[in-house]
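Thanks for having me today. I would like to walk you through one protein model, beginning with a single residue and then stepping back to the chain.

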Amino acid sequence: MGKLFKLKEWLTVPEAASHLSTMLSEGVSEADVLRLALDGHITLSANFINHAVACIGKIVPESDAPKIEGPFGTEMARGVALTTGERIVLDSGVVTIRGDFDLPMIGNERLDVEHLYQKLTDGPDITLTGLDGAFVTQEGGRIFQLQEFFEQQPSLQTERKNYPAGSLPVDCVLVVRAGELRRFECYLNDELAPQSSKSAETKKLDSILCVIAALADQAGINPNER
């Protein structure tokens with residue numbers, strides 16, 4: 001992609017696959033890019049072409065989550081439980097979001113990517129469903145739970161009710177940020193570099209030690225003697 005790549009903020013999944021193919025000098029498919037995202041090697045993002053509706057939330061430790069009354073008068077933590085021992089505590093109101101947001105792969109957004117991956121690889125249908133909805137994140141640590149609205153009859157003048165979205169909006173586009181691709185390239189270069197190769201500083205130190213040893217030899221000094 002060359003010079004044009006430097007001007008782009010993000011690439012679509014097919015464009016990212018093409019870029020990685022050129023960079024690695026081997027074939028990288030769209031399915032490969034999705035698999036890398038599912039396995040946590042790269043961060044996939046969603047570009048909301050029109051807009052999406054969401055509740056703003058924040059991730060807090062389980063102990064800091066607000067408490068609500070549970071069954072039989074018990075007390076329980078409010079929010080969406082995570083496998084990390086934390087919870088997503090959501091605001092009650094909804095906001096409209098546009099632009100690019102990252103996929104944390106903790107809710108139905110992961111099922112959407114897995115479904116697309118299985119479709120591209122002729123795998124089985126994804127029949128799993130999630131009750132917690134789909135999530136996206138933004139720089140600064142903010143997290144959003146996407147929302148949908150109950151369909152109501154036009155004659156009913158009642159307030160619209162929202163609930164967690166079952167999936168990402170159909171009009172959003174999966175993308176990879178250019179900066180994320182650069183980070184992944186650096187990661188691969190470090191991983192592929194020979195582990196036995198010495199850094200420039202190490203080679204410089206070795207050269208200095210060789211010079212000192214040679215000077216000591218000329219002066220008749222045994223460096224092992226104390």
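Let me begin with Gln 147, which you will find in strand S9, the stretch that covers residues 142–149. Please keep in mind throughout that what we are looking at is a predicted model.

Is Gln 147 buried or exposed? Its relative accessibility is 9%, and since buried means under 20%, Gln 147 counts as buried. As for what surrounds it, if we leave aside the neighbours within four places in sequence, Gln 147 is in contact with Val 53, Ala 54, Cys 55 and Val 94, and also with Asn 162, Tyr 163, Pro 164 and Ala 165.

Now let us turn to a pair of helices. The axes of helix H2, residues 13–24, and helix H3, residues 30–38, come within 8 Å and cross at roughly 95 degrees; H2 and H3 are therefore roughly perpendicular to each other. Where they meet, H2 contributes Val 13, Pro 14, Ala 16, Ala 17 and Leu 20, while H3 contributes Glu 30, Val 33, Leu 34 and Leu 36. Sorted by class, this contact has eight nonpolar residues, one charged residue and no polar ones.

Finally, the whole chain, which has six helices and eleven strands. Of its 226 residues, 31% are buried, and the accessible surface comes to about 14800 Å², with 54% of that belonging to carbon and sulfur atoms. Among contacts between residues at least 6 apart in sequence, 65% join residues at least 24 apart.

Methods: Residues are numbered from 1 along each chain as its sequence is written. This is a predicted model: local features need pLDDT of at least 70, side-chain atom pairs count only at pLDDT 80 or more; totals for chains, interfaces and linings use all residues. Side-chain values use heavy atoms; hydrogens and water are left out. Axes are lines fitted to C-alpha atoms, for helices over the stretch in contact, and angles run from 0 to 180 degrees between N-to-C directions. Helices (H or I, at least four residues) and strands (E, at least two) are DSSP runs, numbered from the N terminus. Angles under 35 degrees count as roughly parallel, over 145 as roughly antiparallel, 65 to 115 as roughly perpendicular and the rest as oblique. Contact means heavy atoms within 4.5 Å. Ala, Val, Leu, Ile, Met, Phe, Trp, Tyr, Cys and Pro count as nonpolar, Asp, Glu, Lys and Arg as charged, and the others, Gly among them, as polar. Buried means under 20% relative accessible area, exposed over 50%, partly exposed in between (1.4 Å probe, protein chains only). Accessible areas come from the Shrake-Rupley method with a 1.4 Å probe; for residues, only the protein chains shown count as cover.
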